Amino acid sequence: VNVVRQSPPLITLLTDFGEGSPYVAAMKGVILGICPQAIIVDITHAIRPQAVEEGAFILSTVISSFSRGAIHVAVVDPGVGTSRLPIAINTGDAVFVGPDNGLLSAAIPDALRPEARAGAGPAPVAAIAMRTIHLDRPAYHRPQVSATFHGRDIFAPVAARLAAGLTLDDLGSPVESVLAFPVWCAQRAADGSLRGRAITIDHFGNVITTIRAIDLPDASFTLEIAGREFNGPQSTYQDGPDDVVYTGSSGYLEVGLRNGNAAEALGVAVNDPVRVRPHHNP
Amino acid sequence: VNVVRQSPPLITLLTDFGEGSPYVAAMKGVILGICPQAIIVDITHAIRPQAVEEGAFILSTVISSFSRGAIHVAVVDPGVGTSRLPIAINTGDAVFVGPDNGLLSAAIPDALRPEARAGAGPAPVAAIAMRTIHLDRPAYHRPQVSATFHGRDIFAPVAARLAAGLTLDDLGSPVESVLAFPVWCAQRAADGSLRGRAITIDHFGNVITTIRAIDLPDASFTLEIAGREFNGPQSTYQDGPDDVVYTGSSGYLEVGLRNGNAAEALGVAVNDPVRVRPHHNP
Amino acid sequence: VNVVRQSPPLITLLTDFGEGSPYVAAMKGVILGICPQAIIVDITHAIRPQAVEEGAFILSTVISSFSRGAIHVAVVDPGVGTSRLPIAINTGDAVFVGPDNGLLSAAIPDALRPEARAGAGPAPVAAIAMRTIHLDRPAYHRPQVSATFHGRDIFAPVAARLAAGLTLDDLGSPVESVLAFPVWCAQRAADGSLRGRAITIDHFGNVITTIRAIDLPDASFTLEIAGREFNGPQSTYQDGPDDVVYTGSSGYLEVGLRNGNAAEALGVAVNDPVRVRPHHNP
């Protein structure tokens, strides 16, 4: 599997290092030292510390905005320095580089990922129909690999070498399986309702849920969250009452508050349960 | 009206999405997919949510630091998905892209903008002596335009197409008027004093006022804010007492505190009134 | 002394302006107006306001991640507009641009810098074996230099002109000495223990100390901080108990907390004392 390379090559970065972290700058310095023409785009560095699944979800929502050939580097890595493997995955559309802890789940087709289950962590899935390697060739890493900063010492130089033209074959050995989080979607209950959860909260306080709009063919529904009920969907923040339920820009149901912070007003936190009862069609 | 294009083209972004927002990354992915050679500079993404006027003011203070031909994309857009128009304005020096809600006031000559009035919102002004269009050509937007994220789906692709060489004529139809905030300057009272307000507060806690230094030809003055009086101007943070009033780097009077946070120490918030009494010249 | 220039030229920025500050954007606009092909990398803008030494330390930890020829611009500048000089230093490996207040200490060889002393500020050191200039040529600054924003009006245009090919000879006059902070390392007490302090705290709450791993040839030691004792070193966050002492990615001892914030849990602040007692070798 080859990936169409962009010219100039584009590398994205997603970490939990914090906005303004000099650790991010160190990664950029390493990348540009190896591939000076690379374009680097920050996805975000504001993933909550060690929140691997939230990082994986955020990555999944933005990759469709990038052209084919992007190299996505993600580092939310509480197991750095342990036996968890540093890996790279080539999907044909893009290459993903990071730790094998579920963070790169967006590189795995939904059909291969575990089914949605409340509270489930990442599970091993077969590395079928894609190319996945263990980054086990120290010649392509920094000369001194620290125990705590693989972002700078392994992932950044590997991404830069991919940007400069090396292939996954050059950079490591195939692995048979990788960890992936369950698909972010609702579970359908016997009564026809959909059960999901809050998966992330954006800067405006909008609550993004795991309920996908495509799973709701009905015209209207009632959404329950934090002991409150909302009727949906409205299409914009200006529709209907102040509390609005709408299909967000990534295709998931969101709960927002006009000119306010819904998560704070409702007391909602990441992973809180959400239930949707579709109304009967006329 | 043509604008001198830069090589490589330069696109700036100003939003209220929050630093570290993946929504910003999505806009960059779209831009670079259409115009890979574009240079993208973040103005800020820390505009307070829905604070349209503060965003408009901040944009006005930085555009003079950019060369001719820059494309400024601004998205503080509480009315996204409603009837407010997506627009672009070509001033001859630069192109501005964003919602028609006053955010692009810096593109409008002061002589056309409403006079300063306390508490006044944006008002329609004639689109004279410049070129302004409604971005009404879906062929140049993303194939699926969401109801809540025109930054990614309309403004980013339009800016990228301008960067790639299209003109406003290609991208939309002329409009007759646009919304603009009143000019950011003081109102002169019958007693000769100047009345303005705090328009924004920077990271250091310096309070930026709407009082322009060019409106104060006198050598010295007394500034009142939050029930306190300060004599000015000092020229640097190290002048005079700990509390200093000086002409900031954008030409407006600012109130600062040496090695401290003036806004917190004084209890000043955005929009608080400020009065300046010029002293008699000798 | 000439410096190898990069192609494209690379300019880094470190300030205390705050993440998302439009002041940073103004600097970038000025740089790109003079040298459109410059690659700009943000080191951080989250240095605590006026924390000159913390900024100097952070800069020292990241420069080794950048290739030869980088131009590092740093602005933590409480003395802006006073008699402190704007300077540039060419080390042969890189050029540093900023105020002469100790912020550029990383450009000074350790052998020339003052010895570590608790609470010591920057002191003058001879500008030997390097090239240091006072940026005293207004023709290379912005036409109007404000009293409060030399980042935009002096340092940015000077860095851009270095990126565009000018040399230090063009931009200013030699100076004999510059200010430098004492070397960041421990003081060895008569009993063989090492005394240092917390020099910065990262986004995860890891406490970075001034104790260098290379000063601890012994296999094990006890570290005292905030009235607590820790045995070290562990090599990763997953080693040993929840509280871990390890060699961080820049070669200094750090105190971390597995999946937690050590600085908050321990109540540690920047400049708090740290003591290390090496154990006897067997």
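This is a predicted model: local features need pLDDT of at least 70, side-chain atom pairs count only at pLDDT 80 or more; totals for chains, interfaces and linings use all residues.

Trainee: Where do I start with chain A and chain B, and how many residues are in contact?

Mentor: Start by counting the residues on each side. Here 30 residues of chain A are in contact with 29 residues of chain B.

Trainee: How much area do chain A and chain B bury between them?

Mentor: Buried area is what the two parts lose on being put together. For chain A and chain B the value is about 2,200 Å², and 60% of it lies on carbon and sulfur atoms.

Trainee: Which three residues of chain A supply more of that area than any other three?

Mentor: They are S65(A), F204(A) and S249(A), which supply 27% of the area that chain A buries against chain B.

Trainee: How many salt bridges are there between chain A and chain B?

Mentor: The count is zero. Polar contacts are a separate item: four residue pairs are in polar contact between these two chains, with both residues at pLDDT 80 or more.

Trainee: Which elements of chain A each supply at least two residues of the side that touches chain B?

Mentor: In chain A, these are strand β2 (39-44), helix α2 (52-62) and strand β15 (243-247). The largest share comes from β2(A), with five residues.

Trainee: How do the residues on that side of chain A divide into nonpolar, polar and charged?

Mentor: On the side of chain A that touches chain B, 13 are nonpolar, 14 are polar and three are charged.

Trainee: Next, how many residues of chain B are in contact with chain C?

Mentor: Read this interface by the steps used before. 30 residues of chain B are in contact with 29 residues of chain C. Chain B and chain C bury about 2,200 Å² between them, with 60% of it on carbon and sulfur atoms.

Trainee: Which residues of chain B lose the most area to chain C?

Mentor: S65(B), F204(B) and S249(B) do, and together they make up 27% of what the chain B side buries. There are zero salt bridges between chain B and chain C, while four residue pairs are in polar contact, both residues being at pLDDT 80 or more.

Trainee: Which elements give two or more residues to the side of chain B that touches chain C?

Mentor: Those elements of chain B are β2 (39-44), α2 (52-62) and β15 (243-247). β2(B) gives the largest share, five residues. The side as a whole has 13 nonpolar, 14 polar and three charged residues.

Trainee: Now the helices. What describes two packed helices?

Mentor: Two values do: the angle between the axes and the distance between the axes. In chain A, the axes of helix α1 (residues 22-34) and helix α3 (residues 150-163) come within 8 Å and cross at roughly 35°. The crossing of α1(A) and α3(A) is right-handed.

Trainee: Which residues of α1(A) meet α3(A)?

Mentor: A26(A), M27(A), V30(A), I31(A) and I34(A) do. Their partners in α3(A) include R152(A), A156(A) and P157(A). The residues of this contact divide into eight nonpolar, one polar and two charged.

Trainee: At what angle do α1 and α3 of chain C pack?

Mentor: The angle is about 35°, with the axes 8 Å apart. The crossing of α1(C) and α3(C) is right-handed. On the α1(C) side the contact includes M27(C) and V30(C), and on the α3(C) side it includes A160(C) and R161(C).

Technical notes:
Residues are numbered from 1 along each chain as its sequence is written. Chains are lettered from A and ligands numbered from 1 in the order in which they are written. Side-chain values use heavy atoms; hydrogens and water are left out. Contact means heavy atoms within 4.5 Å. Buried area is the accessible area (1.4 Å probe) that two parts lose on being put together, summed over both. A salt bridge is a side-chain nitrogen of Lys or Arg within 4 Å of a carboxyl oxygen of Asp or Glu. A polar contact is a pair of N or O atoms within 3.5 Å; within protein, one must be able to donate a hydrogen and the other to accept it, and residues adjacent in sequence count only if both atoms are side-chain atoms. Helices (H or I, at least four residues) and strands (E, at least two) are DSSP runs, numbered from the N terminus. Ala, Val, Leu, Ile, Met, Phe, Trp, Tyr, Cys and Pro count as nonpolar, Asp, Glu, Lys and Arg as charged, and the others, Gly among them, as polar. Axes are lines fitted to C-alpha atoms, for helices over the stretch in contact, and angles run from 0 to 180 degrees between N-to-C directions. A crossing is left-handed if the near helix is turned anticlockwise from the far one by less than a right angle, and right-handed if clockwise.
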